[in-house]
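Student: I have a new structure to look at and would like to learn how to read it. Could you take me through it feature by feature?

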Amino acid sequence: MKAKQVPQDNSPSYSGHKKLLYAVEDNGHYTGIQSSGWEIENFATQMAVDELKQQTIDAIEDYHSGKTSALAYHMCKHRLDITSLSQATGFFQWQIRRHLVPQTFNRLSQRKLKIYAATFSITTEQLTRVPEKP
Amino acid sequence: MSEIVNHLRHQQSSHCETGVVSNMLSSKGFAMSEPMAFGLASALTFAYLPFVKMAGLPLIAYRMPPKSIIKSVAKKLNIELMSQRFSSPPKGMQALDKALEEGHIVGLQTSVYWLPYFPEDMRFHFNAHNLTVYGKNQQGDYLISDPVFEEVVTCSPEDLERARFAKGALAPKGLMYILGEIPDNIDLAPQIYKAIKKTAKMMNGIPIPGIPFFGVKGIHYLAKKIVELENKPSKYARLYLGHIVRMQEEIGTGGAGFRFIFASFLDESSKLTGDSELFELSQFVTEIGDQWRSFAVQAVLFCKDRKSISLQDISDVLIKCAEMEKQLQSRLLSLSAFK
């Protein structure tokens, strides 16, 4: 990549920050150059972020229609999935899958709720609530 | 609360770990650039890890695992590296305070997700982000040099504690490290050749049949996986390709999965040793990096639903990358310090 080719596409995901890239100057030697974003990279990031947002919206709908528990919403909102939530809480994946069922979740002990709340860094009171809109 | 500000020279970097190494060494009076740290640690590689999932997609790494860079640079330069993990968060924070009071600059492993100064769209659960703490202000907030940011930042003790003790894959467990004294006369030249040899050897992958996940073999394997996406739902194919591009470009790689940083290392080495062959190699690695970037372009064009590009085309670009890296390997291996 030539220094002149370093993309400056003002990616929204950078929130005004700049990243350092390495590129070749006219004399053939390398130098560090700040980039405000690359459209290609931004598209990939945006796709992943949109997917996460969509999952959160689905989780809210599923909660209000009684299909899943509040845990599903908090999991998606904190950008976790069953695998990573299992690693972060120490619960088995099958336990988490059960906790995603409203009836099971409503009967969870305070101890287990506290583990989830601590992982999301919220209170147990907040853990049982889901907003109407994201 | 009294203020502590230890001497630190902050310079922005592409990648967190090499950036921390470069900043810590430079602050201690031994100027080392980020690419030099990257190259000396033989950090360049390729790994496709189908059993490590991130958001349900396989992990693709372009460098050696976390903490290996700081370890091997310290070893090469014969500097003592004192590192500590903690089982209890309060103890971890006390140890950090104590080290700061003693005048050290302290490297930490943290989780990106819990660091409040990161932009929203870049916060994800990645537990191996490195940064340097160099002091504490009067409000009790920590003064932090995060190498991927332009300027130094601050972070409250609560947030920093959460980031240091995040759980999950690659959990930092409060890891902190301090560099010892730097020896007087360091001769980098022989180390450079050794490090390049090691990188070249790793490019072939692991010499065990049936493990096609590393080095050039790994790239061929990924190319095959991309063709196989044909039989998957189109949404999965798009997310998968987008995921590769993010791993390659977004996640602090300095572009093209660290290939440009490595090229910059070769360029710097050629200046240092006066070996013009290293400069030629640097130009070749630049071409490889450009090839990786054109792979990213093709992959994203496919995601945008351009019918003109097939998965086979994308796979072919990647195979070209693999072939070029194979050539690079033989050229690196035939390199000699004695002309």
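Student: How do H3(A) and H6(A) lie relative to each other?

Tutor: Two packed helices are described by the angle between their axes and the distance between the axes. Here, helix H3 (residues 82–89) and helix H6 (residues 110–120) of chain A have axes that come within 10 Å and cross at roughly 105°. H3(A) and H6(A) are therefore roughly perpendicular to each other. On this scale, angles under 35 degrees are roughly parallel, over 145 roughly antiparallel, 65 to 115 roughly perpendicular, and the rest oblique. The axes are lines fitted to C-alpha atoms, for helices over the stretch in contact, with angles from 0 to 180 degrees between N-to-C directions.

Student: Before we go on, what kind of model is this, and how is it numbered?

Tutor: This is a predicted model, in which local features need pLDDT of at least 70 and side-chain atom pairs count only at pLDDT 80 or more, while totals for chains, interfaces and linings use all residues. Residues are numbered from 1 along each chain as its sequence is written, chains are lettered from A and ligands numbered from 1 in the order in which they are written, and side-chain values use heavy atoms, leaving out hydrogens and water. Helices (H or I, at least four residues) and strands (E, at least two) are DSSP runs numbered from the N terminus.

Student: Which residues of H3(A) and H6(A) meet?

Tutor: From H3(A) come A:Leu85, A:Ala88 and A:Thr89, and they meet A:Ile115, A:Tyr116, A:Thr119 and A:Phe120 of H6(A). This contact between H3(A) and H6(A) has 5 nonpolar residues, 2 polar and no charged. Contact means heavy atoms within 4.5 Å. Ala, Val, Leu, Ile, Met, Phe, Trp, Tyr, Cys and Pro count as nonpolar, Asp, Glu, Lys and Arg as charged, and the others, Gly among them, as polar.

Student: Which residues of helix H5 of chain B are buried?

Tutor: Buried means under 20% relative accessible area, exposed over 50%, and partly exposed in between (1.4 Å probe, protein chains only). In helix H5 (residues 157–164) of chain B, the buried residues are B:Leu160, B:Ala163 and B:Arg164. They cover an arc of only 95° around the axis, so they are on the same side of H5(B). That arc is taken from the directions from the helix axis to the C-beta atoms. Among the partners of these buried residues are helix H4 (89–101) and strand E5 (106–110) of chain B.

Student: Which residues touch the most other members of the largest nonpolar core?

Tutor: A nonpolar core is a set of buried Ala, Val, Leu, Ile, Met, Phe, Trp, Tyr and Cys residues joined through side-chain atoms within 4.5 Å. The largest one has 96 residues, and B:Met32, B:Leu241 and B:Trp292 touch the most other members. Helix H10 (residues 276–303) of chain B gives the largest share of this core, 12 residues. Another core, of 35 residues, lies apart from it, and B:Leu160 and B:Ile178 are among its members.

Student: What should I know about phi?

Tutor: Most residues other than glycine have a negative phi, and most peptide bonds are trans. In this model, A:Arg79 has a positive phi, near 60°. A:Arg79 sits in the loop between helix H2 (70–77) and H3 of chain A, and is buried at a relative accessible area of 19%. B:Ser42 also has a positive phi, about 50°. B:Ser42 belongs to the loop between helix H2 (34–40) and strand E2 (44–54) of chain B, and is buried at 1% relative accessibility.

Student: Where is A:Trp38, and what does A:Trp38 touch?

Tutor: A:Trp38 lies in the loop between strand E2 (30–35) and helix H1 (39–64) of chain A. With 11% relative accessibility, A:Trp38 counts as buried. Not counting residues up to four places away in sequence, A:Trp38 touches residues including A:Pro7, A:Asp9, B:Arg293 and B:Val297.

Student: What about B:Phe279?

Tutor: B:Phe279 is in helix H10 of chain B. Leaving aside neighbours within four places in sequence, B:Phe279 is in contact with A:Gly28, A:His29, B:Asp267 and B:Ser270.
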